[in-house]
Amino acid sequence: MLKHRSAFELYCNELRKEFNKSNPEISFDSFDVEIKRTIYRELSIEKKLAWVAYAEAEKARQVVKAAQIDNSIGDASTISSSSAATSSSTTTSINGKPTGKKKRKRNVRKKDPNAPKRHLNSFVLYKNSVRGQIKKQHGRPLTAPEVSKIASQLYQSLSPENRNILKAKAEEDKVRYQREMAAYKPPPGYDSKGFKIQDQPATTTSTK
């Protein structure tokens, strides 16, 4: 199967076609990759999101095509028997109990709603600012990991100047958090960071 091309690679491929058509005497490949990245960084966020969506669509097409090729090559009886073997192995039990791993329940500590909000790093600040545009650009609902993945691609394509601006904002938010924490007075039953103190089990003493 072909390697999945990134949004940047697909954009360069299209840019190469346009450039070579207008400048047949100059090879587009002769330009340094940093020049191409600079051109890509200059795109609006709407255009970058369009290329990200295009890259995801191409990846999905390649996955489907590879699956079709595998199904056409594999023997139907072999696939059927292997699937049955896999199914039986995953449902094997010991003493009547399933062997599959149970998903551990995450223990979330209760926090004082009035406690200072934790500071955010530069990427999270950027993701929060473009989340609405990312969701609007796609024609289907996106999960939180999908939004983060797209935001990460956009963040990586930012110019150094824009990243420095975000880092400066993140540093300001960190100072804000430290200042608010220094003045924060937790209510009874909460620790200095605003988390609820877990109740200790009562102990009984025996009397003789």
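The model is predicted: local features need pLDDT of at least 70, side-chain atom pairs count only at pLDDT 80 or more, and totals for chains, interfaces and linings use all residues. Residues are numbered from 1 along each chain as its sequence is written, and side-chain values use heavy atoms, with hydrogens and water left out.

Start with the layout. The protein chain has 7 helices and 2 strands. Helices (H or I, at least four residues) and strands (E, at least two) are DSSP runs, numbered from the N terminus. Along the sequence, the pattern reads α-α-α-α-β-β-α-α-α. The chain has 208 residues, and 23% of them count as buried. Buried means under 20% relative accessible area, exposed means over 50%, and partly exposed lies in between (1.4 Å probe, protein chains only). Take the contacts (heavy atoms within 4.5 Å) between residues at least 6 apart in sequence: 66% of them join residues at least 24 apart.

Now look for empty space. Rolling a probe the size of a water molecule over the atoms shows where it is left. A pocket is an open set of points on a 1 Å grid over the protein atoms alone, where a 1.4 Å probe fits, with protein on both sides within 12 Å along at least five of seven lines; lining residues have an atom within 4 Å of a point. The largest pocket holds about 420 Å³. That volume is the space filled by probe spheres set on the points, which are joined across faces, edges and corners.

The lining of this largest pocket has 18 residues; Ser 6, Ala 7, Phe 8, Ala 55 and Gln 153 lie nearest the centre. Helices α1 (7-22), α2 (33-41), α3 (45-73) and α6 (144-156) each give two or more residues to the lining. By class, the lining has 5 nonpolar, 5 polar and 8 charged residues. Here Ala, Val, Leu, Ile, Met, Phe, Trp, Tyr, Cys and Pro are nonpolar, Asp, Glu, Lys and Arg are charged, and the others, Gly among them, are polar.

Phe 8 deserves a stop. This residue is found in helix α1. Its relative accessible area is 13%, so Phe 8 is buried. Beyond residues up to four places away in sequence, Phe 8 touches Val 33, Lys 36, Arg 37 and Tyr 40. Phe 8 and Gln 153 are 145 residues apart in sequence, yet 9.3 Å apart in space, C-alpha to C-alpha.

Next come the rings. A pair of aromatic rings is described by the distance of the centres and the angle of the planes. Rings of Phe, Tyr and Trp (its six-membered ring) pair if their centres lie within 6.5 Å; planes under 30 degrees apart are stacked, over 60 edge-to-face, the rest tilted. The whole structure has 2 aromatic pairs. Phe 123 and Tyr 155 have ring centres 5.6 Å apart and planes at 80°, so this pair is edge-to-face. Phe 123 lies in helix α5 (residues 122-137) and Tyr 155 in helix α6, so the pair ties together parts 32 residues apart in sequence. Tyr 126 and Tyr 155 form a tilted pair, 5.9 Å centre to centre, with 50° between the planes. Phe 123, Tyr 126 and Tyr 155 form one aromatic cluster. Within it, Phe 123 is partly exposed at 22%, whereas Tyr 126 and Tyr 155 are buried.
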